[in-house]
Amino acid sequence: MNRKKLVVIGNGMAGMSCLDEILKRRPDFEVTVLSEEPYYNYNRILLSSVLAGEKPLDEITINSREWYEDHGITLCLGSRAEEIDPKNKNVTDQNGIVYPYDLLLLATGSNPFVPPIEGVNKRGVFTFRNMADTKNILEYGAPEKQAVVIGGGLLGLEAARGLLNQGMRVTVVHLMDRLMEMQLDLTGGEFLKREIEKLGITVLLNKSTAKIMGDGPAAEGVLFKDGSMVPADMVVVACGIRPNVELGKKAALHINRGIVVNDFMETSDPSIFAVGECAEHRGKVYGLVAPLYEQGKVLAATITGDKGPMYEGTTLATKLKVLGIELFSAGDFQAKEPDMEVVSYQDHAFGVYKKLVIHQDRLIGTILIGDAQDANRFLEIIRKKEKVGDKRHRLLFDQPPAVAGSPTDVMSRPDEDTICGCIGVTKGQIVQAVREKGLTSLSGVKACTKASTGCGTCSSVVQSIVVAVAGSKFQEEKKEVLCGCVPFAKEKLRNMIKTQQLKSVQEVLDIYGNGTGCSFCKPALSYLVDEVLCGDHKEDRSARFINDRVHANIQKDGTFSVVPRMRGGVTSPAELRKIADVAEKYNVPMVKVTGSQRLDLLGVKKEDLPRIWADLGMTSGYAYAKAVRMVKTCVGTDFCRYGTQNSIATGIELERLLEGLYTPAKVKMGVVGCPRNCAEATVKDIGLVGMEGGWQVVIGGAAGKTVRAADILVTVKTSEEALEAAMLFFQYYRENGEYLERTYDFVVRLGLEKIRRETIYASEETRRGLMDRLNKARAKTVNPWLEESARPFHPRQFHDFVLPKESEALIGSLT
């Protein structure tokens with residue numbers, strides 16, 4: 001028997017998810033997929049993350065080449081279908097190649113709608129719909145360029161987020177009176193606008209674009225019909241989409257807005273089917289992901305001869321994070337009819353807006369902004385058409401018996417509850433997959449059910465189900481994230497901070513984290529913001545350890561130690577007199593010589609710190625910080641008869657060049673004038689070892705809990721070359737080290753050859769970039785003792801909190 005030929009036009013999410021459902025039924029089909037784009041099926045939802053620099057292109061691929069090969073699918077990349085001949089049942093592509101079919105599936109998606117605006121064809125004007133658009137925008141855009149996004153719907157705001165992340169100045173212009181008018185009411189639109197403007201994006205509403213300006217071939221500005229204009233180096237048109245029905249017209253199919261299909265996803269031709277954004281069902285065209293997957297399941301049954309399941313439409317729901325702002329809307333949320341009732345809550349300070357629409361004792365619509373944790377609960381109530389009854393007064397603030405999102409809470413929900421709204425996967429389907437397939441991880445469930453492969457916001461809930469069902473067999477997947485409070489890898493956070501110019505820890509936490517942070521991630525973010533912006537950040541002392549807040553090292557009794565900087569371990573009689581005078585004046589219990597060739601004043605009271613600094617008149621030794629501590633030196637050629645290099649002068653210069661700079665973990669250095677190694681340079685984070693005719697620069701040594709001989713980075717002839725090599729490695733470590741990772745772990749993790757390749761043997765441009773960023777950071781360093789001895793950073797910086805007597809009395813009476 002001849003196998004039936006199934007041709008699929010369109011290699012996007014709708015077509016391939018439908019094909020996946022077809023293949024699960026094991027039909028005897030010979031499948032050919034025509035893909036106009038030269039890419040394997042990718043997650044279009046995540047294009048904004050690619051534009052924002054949060055994901056590389058290869059991370060958003062859904063079906064790899066192996067998937068097509070394993071299923072015997074003939075994939076024709078870059079093949080654009082031009083004609084359909086329904087009579088002879090074949091498809092012809094742009095190259096004239098003819099593909100015969102028995103069954104034809106149209107999954108042609110949609111095209112971006114570009115209004116007839118004068119100048120829309122100028123250079124620097126883009127649409128934002130597919131991978132090619134994304135690449136073009138990334139290639140054309142650059143930090144500090146002025147970008148204008150025409151369109152304030154979901155697509156426009158996602159484009160704005162990406163451009164903002166690229167460091168551009170962004171203006172969003174929208175024809176309507178509110179942003180995302182298809183998903184939000186007027187109040188919700190105002191909330192969203194306010195939160196977006198806090199990020200530095202300008203929003204202009206009720207603006208109709210008349211012309212894209214520019215004397216030459218490139219865009220230079222946008223002119224509006226009211227006569228106003230905004231400058232623009234580039235323009236992104238995101239004014240919505242239109243179903244791609246051209247092939248349907250050529251095949252003489254029934255067309256309205258889209259290709260009309262019945263409840264079985266059949267078109268007017270019994271051999272041709274349609275799914276996704278190109279299809280129109282009961283007068284509606286769906287542009288969201290969840291309906292497309294529901295349609296695909298019905299179509300799979302129909303096309304494989306199991307005709308029976310019907311597609312009856314989808315309750316539209318949108319759950320997403322727009323520019324870091326949680327947003328959810330579902331059902332009829334406008335409440336236009338007089339007998340519809342509204343229950344709402346607004347908190348402008350926290351940017352939270354919640355609205356429920358009730359009709360005939362049933363919840364029919366909802367909007368959630370700023371806090372969408374109840375989204376799935378409300379969606380299920382709407383879908384099931386449950387009566388609200390006496391639950392009405394606590395719908396918005398229902399307190400479930402278990403912690404929301406915990407395994408106990410999730411497992412108490414009905415099996416038919418939808419967990420993944422994008423793909424339409426229920427709790428029961430996930431539970432069944434875990435039990436029947438023996439799945440033990442989130443990635444396993446993703447691969448099997450596709451749950452959490454859309455926008456990804458349901459990942460924690462899906463994982464909770466796996467934890468509950470798999471029990472002790474559950475396998476926690478290692479996540480390369482900084483912290484659960486801000487779930488992004490360090491490199492992604494660096495890129496976000498750099499491109500968006502996020503100047504404070506709180507900004508990062510507000511946009512990409514939980515808004516509060518913890519004792520681990522806040523100091524880590526403090527370092528990261530400082531390092532990425534080369535010191536040009538807003539200092540947040542609440543995000544620092546106590547040592548960094550008061551520039552001294554806290555001891556077990558609550559007192560502090562003060563260690564002045566003595567570059568290279570060299571001091572003078574005048575400095576020694578100052579130290580002695582200060583120790584006597586403030587009754588310092590102990591003065592001790594440290595192993596780092598400095599003097600430590602131990603047992604200092606917090607309130608005495610600024611006065612001691614002022615009296616000393618010396619620089620902070622940063623003995624308390626994750627920063628450059630010291631450079632230990634030997635006598636060198638100045639006095640030692642064995643010295644071959646001037647270790648003292650070189651050590652002092654190295655310390656002067658790097659002091660005051662924060663690092664992922666503390667950095668100790670040493671410079672010795674000969675291989676006798678009297679200052680232990682070979683067990684320091686960075687060491688310079690003098691020898692006849694030059695220096696060895698060594699890195700990654702340790703002599704504490706971990707003992708490790710340093711690796712030789714390079715051998716050079718002059719002190720200048722040795723200092724440059726040390727500085728290149730130092731800045732490379734600052735940019736690539738994990739927070740709290742010492743250099744001896746860093747060197748092992750990355751490997752000596754990689755470090756050499758990317759520092760001393762890197763291109764001139766790379767080396768210059770490292771040095772430029774280091775010098776920029778150095779220019780921002782200050783002596784905190786000098787700065788804050790006269791002007792404390794905070795009024796109570798050096799005082800312990802004392803409860804007012806009236807408060808003590810009140811507490812006493814209450815007790």
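Predicted model: local features only at pLDDT ≥ 70, side-chain atom pairs only at ≥ 80, totals over all residues.
The protein comprises 815 residues, of which 52% are buried. Its secondary structure amounts to 26 helices and 38 strands, and the C-alpha trace extends over about 100 × 75 × 65 Å along the principal axes. Of the contacts between residues at least 6 apart in sequence, 61% connect residues at least 24 apart. Four domains are assigned. Domain 1 is made of two segments, 4-110 and 243-303, whereas domain 2 covers 125-239. Domain 3 spans 481-544, and domain 4 spans 627-782.

The centres of domain 3 and domain 4, taken over C-alpha atoms, lie 27 Å apart. Their contact involves 12 residues from domain 3 and 14 residues from domain 4. The size of an interface is often expressed as the accessible area lost when the parts come together. Between domain 3 and domain 4, the buried area is about 1,200 Å², with carbon and sulfur atoms contributing 58%. On the side of domain 3, the residues that lose the most area to domain 4 are Lys-490, Tyr-527 and Cys-534, which together account for 50% of what that side buries.

Polar and charged interactions also cross this interface. There are 5 residue pairs in polar contact between domain 3 and domain 4, together with 1 salt bridge. A salt bridge joins Lys-780 to Asp-536, with 4.0 Å between the closest N and O atoms. Two helices, α14 (490-500) and α16 (521-532), each provide at least two residues of the domain 3 side that touches domain 4. The greatest share comes from α16, which gives 5 residues. By class, this side of domain 3 consists of 5 nonpolar, 1 polar and 6 charged residues.

Tyr-739 occupies the loop between α21 (719-736) and α22 (743-750). Because its relative accessibility is 13%, below the 20% limit, Tyr-739 is classed as buried. Leaving aside residues up to four places away in sequence, Tyr-739 touches Phe-520, Pro-523, Ala-524, Tyr-527, Phe-545, Lys-626 and Pro-664. By C-alpha positions, Tyr-739 and Ala-470 are separated by 33 Å in space and by 269 residues in sequence.

Two further buried residues illustrate other parts of the chain. Asn-90 belongs to strand β5 (residues 90-93) and is buried, its relative accessible area being 17%. Beyond residues up to four places away in sequence, Asn-90 touches Glu-83, Ile-84 and Asp-85, as well as Val-98, Tyr-99, Pro-100 and Tyr-101. Leu-104, 14 residues from Asn-90 along the chain, has its C-alpha atom 8.9 Å from that of Asn-90. Thr-134, in helix α4 (residues 131-140), is buried at 0% relative accessibility. Its contacts, again not counting residues up to four places away in sequence, are with Leu-47, Val-50, Leu-51 and Phe-128.

The structure contains 44 salt bridges. In one of them, Lys-211 pairs with Glu-118, the closest N and O atoms lying 3.7 Å apart. This pair connects distant parts of the chain, since Lys-211 lies in strand β13 (residues 209-213) and Glu-118 in the loop between β8 (110-112) and β9 (125-127), 93 residues apart. Both partners are partly exposed, Lys-211 at 28% and Glu-118 at 49% relative accessibility.

A second salt bridge pairs Arg-567 with Glu-659, with 2.7 Å between the closest N and O atoms. These residues are 92 positions apart, Arg-567 being in the loop between β29 (560-562) and α18 (573-585) and Glu-659 in the loop between α20 (647-658) and β33 (667-672). Arg-567 is partly exposed, with a relative accessible area of 32%, whereas Glu-659 is buried at 15%. Both residues take part in a network of salt bridges that also includes Arg-565 and Glu-655.

Glu-753 is partly exposed at 48% relative accessible area, while Arg-756 is buried at 17%.

Methods
Residues numbered from 1 in each chain as written. Heavy atoms only, no water. Domains from an automatic or database assignment. Contact = heavy atoms within 4.5 Å. Buried area = accessible area lost by both parts, 1.4 Å probe. Salt bridge = Lys/Arg side-chain N within 4 Å of Asp/Glu carboxyl O. Polar contact = N/O pair within 3.5 Å; in protein donor to acceptor, adjacent residues only side chain to side chain. Helix = DSSP H or I, 4+ residues; strand = E, 2+ residues; numbered from the N terminus. Nonpolar A, V, L, I, M, F, W, Y, C, P; charged D, E, K, R; others polar. Buried < 20%, exposed > 50% of the residue type's maximum accessible area, 1.4 Å probe, protein only.
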